[in-house]
Amino acid sequence: MSNKLKETLANKIDQLKQNPESGKLSFKTRTHLVNGVLTNASIRKFNLNVDEPHELGGSDIAPNPVELVLAALGTCQEIVYSAYAEVLGFKLDAVNIDVKGNLDLNGLFGTVEKTVPGFEEIEYETEIISNESEENIRQLITLVESHCPVLDTLTRPIPVSGKVKIRQSKAAA
């Protein structure tokens, strides 16, 4: 499988060099509230439940949105580590990432003024297991930390916009 990944990535890189506009993609998801705080996200051909733990009124049958943000950061970095290692011909035995976010519920519930509802900080610790030289691993770390889409999204201010459509439900007969 390693050769297939390297070949796929090399082909994509060549395609992008020849036509940079082909790199512009849009990713989409559609979500809906199921019941209480249980929601469902449709992503491509996948369905993912999202819930809250019992202490936040959920049934604790799935991760919550902020946990998914942390998982997105860790998994995105692992994918980028794997991809760059393949392209560079580096051998990685394992990459494990622990991600922790600190959040103050006072921001969510508006119980203390000037408390943000989102993460106050996010920390991650990466463990790389490899027989590659420290120089190669440092080069890989630099590439991952400068090219990981989720790390970039979380650390760079980006415009986020939205609109709300209100529709009246049909009255019960």
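Leaving aside its neighbours within four places in sequence, which residues is Gln77 in contact with? The answer comes further down, after a look at the whole chain.

## The overall picture

First, a caveat: this is a predicted model. The protein is built from 5 helices and 5 strands. Reading from the N terminus, the order is α-β-β-β-α-β-α-β-α-α.

As for dimensions, the C-alpha trace spans about 65 × 35 × 30 Å along its principal axes. The radius of gyration is 20 Å, whereas a compact globule of 173 residues would come in near 16 Å. Contacts between residues 24 or more positions apart make up 48% of those with a separation of 6 or more.

## Surface and charge

Buried residues account for 19% of the 173 in the protein.

Strand β1 covers residues 30-35, and the count of buried residues among its 6 residues is 0.

Together β1 and β2 make a hairpin with 2 residues between them. Gly36 sits in that turn and has a positive phi of about 60°. As a rule, side chains in a regular strand alternate between the two faces of the sheet.

## Gln77, back to the opening

Gln77 belongs to helix α2, which runs over residues 65-88. Is this glutamine, Gln77, buried or exposed? Gln77 has a relative accessible area of 1%, and the cut-off for buried is under 20%, so Gln77 counts as buried.

Once the neighbours within four places in sequence are set aside, Gln77 is in contact with Ile97, Tyr124, Thr126, Val144, Cys148 and Leu151.

## Pro157, out in the open

Pro157 lies in the segment after α5, the helix at 149-155. Its relative accessibility is 77%, and because exposed means over 50%, Pro157 falls in the exposed class.

How far apart in space are Pro157 and Ala85, C-alpha to C-alpha? The distance is 28 Å, with the two residues 72 apart in sequence.

Methods. Residues are numbered from 1 along each chain as its sequence is written. This is a predicted model: local features need pLDDT of at least 70, side-chain atom pairs count only at pLDDT 80 or more; totals for chains, interfaces and linings use all residues. Side-chain values use heavy atoms; hydrogens and water are left out. Helices (H or I, at least four residues) and strands (E, at least two) are DSSP runs, numbered from the N terminus. The radius of gyration is taken over C-alpha atoms; the globule rule is 2.2 Å times the number of residues to the power 0.38. Buried means under 20% relative accessible area, exposed over 50%, partly exposed in between (1.4 Å probe, protein chains only). Contact means heavy atoms within 4.5 Å. Two strands pair if DSSP finds at least two bridges between them.
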